[in-house]
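Reader: I have a new model open on my screen and would like to walk through it with you. Could you help me read it, one question at a time?

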Amino acid sequence: MLSYNARFVHSRVRGARLAWTAAGSGPPVIWAHGLTSRSYAQEDAGLFDWTPLTSAHRLIRYDARGHGLSSGAPDPAGYTWPELAADLLGLLDAVAPGERVDGVGASMGAATLMYAALADPGRFGRLVLVTPPTMWETRAEQSRGRLAAADLAERSGKAALEALAGDVPTPALAGAARAAMPIEVDDALLPSVLRGAAASDAPGAVELARIGVPVLVLAWSGDPGHPVSSGEALAACLPDARLRVASTPDELAAWPEMVRRFLG
């Protein structure tokens, strides 16, 4: 698998050891993965392959706090989106000091990038927000589900959640790839990771309007956890955003090349 062939480096960031890799050369781009995933999981599963970005960029992939090969603590406060954004900025200080970077993030990673761009507006040149998660009026139900999942993980471990995942319908666009991705968080940390997600929501519309860099929003249809409405809301609030919605597998497969062109 790609992740185990990659050469990971660990950097101490805000009390955690964050695992990261870099490939390619040129202006830096950082990839931020989704909840309970890890830096290479979607590529390993055949979902998103960001390798084309390495033709003209230095692509930095990292495991978020408590995920994959990165350490964490059993404290939900450390896994809220603003805190994960502070981690991302701290990692950039270590791996790309003083450089302006582009960011690509999916779901939790997309939310992380939004908060990071608000916290340090001059740090980013362009953002790509992939499958934005539920936000605002659609967030409450998702948060209740995260809290229930955290309780189950506390009682029975992540194996119980992975068994349930087989009974949950997945978007036809994601197919077997999404269903095959395991939970990449240790049992001891998983309840806190899920509770941190449950306590999180996207920045408000007024805050989002302060993100002045060009943004590409990539949404897909058929996924209530990452609804098209979130992509539409972001495109309406961000001052320089374009929205693309994938409704077929071919449209989804075109995303990596679309991102490569957008980042230029």
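**A friendly tour of the fold**

Author: Happy to. T36 lies in the loop between β3 and α2. Please keep in mind that this is a predicted model.

Reader: Thanks! Is T36 buried or exposed?

Author: T36 has a positive phi of about 60° although it is not a glycine. Its relative accessible area is 16%, and buried means under 20%. By that cut-off, T36 is buried.

Reader: And where is R14, which also is not a glycine but has a positive phi?

Author: The phi of R14 is about 50°. With a relative accessible area of 42%, R14 is partly exposed. Its place is in the loop between β1 (9-13) and β2 (16-23).

Reader: How many degrees does the twist average from one strand to the next?

Author: For this open sheet of eight strands, the twist from one strand to the next averages 20°.

Author: Helix α3 (residues 81-95) packs on that sheet as well, touching β1, β2, β3, β4 (58-62), β5 and β6. The direction of α3 makes an angle with that of β1 of about 120°.

Reader: Now β7, please. How many of its residues are buried?

Author: V215, V217 and A219 point one way from β7, while L216, L218 and W220 point the other way. Residues on both sides are buried. For β7 the count is six of six.

Reader: Which residue in β8 is the bridge partner of A219?

Author: β7 pairs with β6 in the parallel sense over four bridges, and L127 stands opposite V215 in β7. With β8, β7 also pairs in the parallel sense, over six bridges. In β8, the partner of A219 is V245.

Reader: What handedness does the β-α-β crossover from β7 to β8 have?

Author: From β7 the chain passes through helix α10 (residues 228-237) on its way to β8. This β-α-β crossover is right-handed.

Reader: What about α12: why are its buried residues on the same side?

Author: In helix α12 (residues 255-263), the buried residues are W255, P256, M258, V259, F262 and L263. They are on the same side because the arc they cover around the axis is only 160°. An α-helix has 3.6 residues a turn, so residues three or four places apart point the same way. What covers the buried residues of α12 includes β3 (28-32), β5 (101-106), β6 (124-130), β7 (215-220), β8 (241-246) and α11 (249-253).

Reader: Which residue just after α12 takes a positive phi?

Author: The phi there is about 70°. The residue just after α12 is G264.

Note on methods. Residues numbered from 1 in each chain as written. Predicted model: local features only at pLDDT ≥ 70, side-chain atom pairs only at ≥ 80, totals over all residues. Heavy atoms only, no water. Buried < 20%, exposed > 50% of the residue type's maximum accessible area, 1.4 Å probe, protein only. Helix = DSSP H or I, 4+ residues; strand = E, 2+ residues; numbered from the N terminus. Arc of directions from axis to C-beta. Contact = heavy atoms within 4.5 Å. Pairing = 2+ DSSP bridges. Right-handed = clockwise from strand over helix to strand, strands pointing away. Axes fitted to C-alpha atoms, helices over the stretch in contact; angles between N-to-C directions.
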